[in-house]
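Hi,

Here is the structure I promised to pass on. Please have a look at it, and then read on for what turned up.

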Amino acid sequence: MESHWGESGAADVDGSRLEEMAPEPLLTRDYETRPSLVYERLRQQHGPVAPVDLLGVPAWLVLGYREALQVLQDDDGWPKGLENWRARSEGEVPADWPLGPSLEVNHVLIQGGPGYGTLRTAWDAALKPFQDPGHPQAKRLKAAVTAYADELITLVGQGGGTGVADLSAQFSRPLPLMVASHLLGFPGSQGDDALMDMWRVLDAGPDAEPALERLLATLAELAAVKLKEPGDDFPSYLLAAHPDLSLDELARELFMLLGMTSDHVGILMSNTVVEVISGDGGVRASLSAGMIRETMNRVVMRKPPLVNFVPRFAAKDTELGNYTIRAGDPVWVSSAAAHADPLFADHVAPSSTISTRAHLSWGAGRRQCPARELASTVAAVGVGRLFERFSHLDLALPADQLPWRSSPFMRGLRSLPVRYELASVPERPSASARTSPPERASAPPAALEPTPETAEPVLPDQSARQRSSLWRYLTGLIRAGR
């Protein structure tokens, strides 16, 4: 398709209807390997907004930073909610469209309409104890993250003090899932089967559908338990803040927290590790200066885990970029493309450790990710513990040969092979990670409870872990690598 840019640099607004266009497929091999080139090609052809084909369904992809903010910050003009999708209402979206199931599960990230405000307020209230640094639950969570990280690193060390490990499979992916189990209040290691099913769902393999059915059933059972016997956990807090939630609705919210937080955090940790290992010495030095979060800010500008947001829909015919977006058209905001927009990228110094916080990795506006502080804390603690416990980490493959997995929403590493050397004496958790358990606090998964005497996390009973499906899987990775 020819460019709409005129000789003066301005653009004439194109009134072509989306359904009458023949956009190129977005999810191609090029997108899998070099998405930045795809975004740049679309930007050159169409400007800041481009028509694309998403597995047989046409949609608008927002590439410009300014246009992305315009959409994300205007809930009235660009609402969420599939009920706003004209083509879907008219039966023009195939029933077997691959992205349908992920958008049909109506939860806080998908929902539109008048019920969203009440649900979002409840989410904010339920997450506050875990995100407020001064709250006992937040301190206890940070201690648990440290203990989980130590547990996983110790397991890697069973393969030897030096060796090769896949930090994605053995650390970055299981750690946030274990933390999510802590948040959901699964007793003991009983949540590990659910975590494995969440892993299968995220991988979208042949066993994803039965895994999803088992997972939703497990979460519904957990919701019923929390309704009967509330505890100091996210489901109980959410029910307290929104008593009208049905068990089915609560299960969907728990599914969102488990899936979105775990995958986003896991990708963020892996990407940060690669940035530290392959970057200049100043990046590694910044970790000891307590600047892990600034390093992560720079990482998410270059490689955001969430590359495309859940679609929004034009409330009325609206000019955006070089096109008129018709009422009911689906609009996907690409944070990855917006970060590469010269309007944004040219104002960020690539060599600076102190980076702007104007990135869109968590969204923008009133619908910005409610768990962004929690996710950032888990990632920062996990990455910090890695570089405390390992005296040496080096990529086992050149950075440009690392294998990526892409989806319409997320982009992360399939594996992160590293050569490692454990520190001779394991570091103790930092003072900031130490806390005493609050009153009425239920035991975290796998008995990771800080002791009153030391107020530091202790490792769980290994016999319980050995009965865990997650632990058997991780132990199998160690044996296979020997």
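A first stop is Phe344, which counts as buried because its relative accessibility is 6% (buried means under 20% relative accessible area, exposed over 50% and partly exposed in between, with a 1.4 Å probe and protein chains only). Before more, a word on the basis: this is a predicted model, in which local features need pLDDT of at least 70 and side-chain atom pairs count only at pLDDT 80 or more, while totals for chains, interfaces and linings use all residues. Residues are numbered from 1 along each chain as its sequence is written, and side-chain values use heavy atoms, with hydrogens and water left out.

**Aromatic rings**

The whole structure holds nine aromatic pairs. Rings of Phe, Tyr and Trp (its six-membered ring) pair if their centres lie within 6.5 Å; planes under 30 degrees apart count as stacked, over 60 as edge-to-face and the rest as tilted. Phe344 belongs to one of these pairs: its ring centre is 4.6 Å from that of Tyr65 and the planes are at 25 degrees, so the two are stacked. The partners come from distant parts of the chain, 279 residues apart, with Tyr65 in helix α3 (residues 65-72) and Phe344 in helix α17 (residues 342-345). Helices (H or I, at least four residues) and strands (E, at least two) are DSSP runs, numbered from the N terminus. Tyr65 is buried too, at 11% relative accessibility.

Phe390 and Tyr420 make an edge-to-face pair, with 5.5 Å between centres and 65 degrees between planes. This pair also links distant parts of the chain: Phe390 is in strand β8 (residues 390-395) and Tyr420 in strand β11 (residues 417-422), 30 residues apart. Phe390 is buried at 3% relative accessible area, and Tyr420 is buried at 5%. Elsewhere, ring pairs join Trp85, Trp97 and Phe313 into a cluster.

Arg367 lies over the face of Tyr116, 3.7 Å from the ring centre, and Arg411 over that of Trp404, at 4.4 Å.

**Cavities and a pocket**

On a 1 Å grid over the protein atoms alone, a cavity is a set of points where a 1.4 Å probe fits but cannot get out, and a pocket is an open set with protein on both sides within 12 Å along at least five of seven lines; lining residues have an atom within 4 Å of a point. Points are joined across faces, edges and corners, and a volume is the space filled by probe spheres set on them.

There are five cavities of 30 Å³ or more. The largest has about 100 Å³ of space and 14 lining residues, with Arg173, Asp263, Gly266, Ile267 and Arg405 nearest its centre. Helix α13 (247-278) gives the largest share of that lining, five residues.

The second largest cavity, about 70 Å³, also takes its largest share, five residues, from α13. Its lining has ten nonpolar, two polar and no charged residues (Ala, Val, Leu, Ile, Met, Phe, Trp, Tyr, Cys and Pro count as nonpolar, Asp, Glu, Lys and Arg as charged, and the others, Gly among them, as polar).

The second largest pocket has a volume of about 1100 Å³. Among its 36 lining residues, Pro35, Ser36, Arg302, Lys303 and Arg411 are closest to the centre. By class, the lining has 18 nonpolar, seven polar and eleven charged residues.

Best wishes

Key:
A charge sits over a ring if NZ of Lys or CZ of Arg is within 6 Å of the ring centre and within 35 degrees of the ring normal.
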